[in-house]
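Subject: Structure handover

Hello,

Here is the structure I promised to pass on. My notes follow below it.

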Amino acid sequence: MEACATISACALAYRLTKDQSWLEEAQCAFRWFLGENDLHVPLYDSITGGCKDGLHPDRANENQGAESTLSFLMALLDMQGIQSEPTEHLSQEMSASI
C-alpha cells in the first residue's frame, strides 16, 4: 500500500465523516515516513528535505527521487490540512458570534 495515497484517502474520509479514527489512521500512515515501518528506518530526511524511495526487505532504498519526495510533501500537506481544520463546534461558535 502506498503511504501517500493512504493518507489522502484517510484525510478525505475524516473530512467527510469527522470520525476521529480516520485521523488516527492518517497519522499512523504518515509516521511510516518517519520511521514507524517494518525496518524502523525513517524515509524522510530532514537535512536534505528528500524522501527515500521505499523499503527493501532488509534496508531502505537510498534513492531520493522526485516522486518519493513529492509523495512525502503531499502527505505532509494533507496532514497539515486536516490538523488545522477547526472543529465543528468551534465553527458554530465563530459563526454565531459574527
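Rings of Phe, Tyr and Trp (its six-membered ring) pair if their centres lie within 6.5 Å; planes under 30 degrees apart count as stacked, over 60 as edge-to-face and the rest as tilted. By that rule, the whole structure holds 5 aromatic pairs.

First, the ground rules. This is a predicted model: local features need pLDDT of at least 70, side-chain atom pairs count only at pLDDT 80 or more, and totals for chains, interfaces and linings use all residues. Residues are numbered from 1 along each chain as its sequence is written, and side-chain values use heavy atoms, with hydrogens and water left out.

Now the rings. Y44 and F72 are stacked, 4.1 Å centre to centre, with 15 degrees between the planes. They sit 28 residues apart: Y44 in the loop between α2 and β1 (54-55), F72 in helix α3. Helices (H or I, at least four residues) and strands (E, at least two) are DSSP runs, numbered from the N terminus. F72 is buried because its relative accessibility is 3%. Y44, at 25%, counts as partly exposed. The cut-offs: buried is under 20% relative accessible area, exposed over 50%, partly exposed in between (1.4 Å probe, protein chains only). F30, W32, F33, Y44 and F72 form one aromatic cluster.

F33 also has contacts (heavy atoms within 4.5 Å). Leaving aside neighbours within four places in sequence, these include A3, I7, P42 and A75.

Last, D78, in helix α3 (residues 66-83). Not counting residues up to four places away in sequence, D78 touches I7, S8, A11 and R15.

Best wishes
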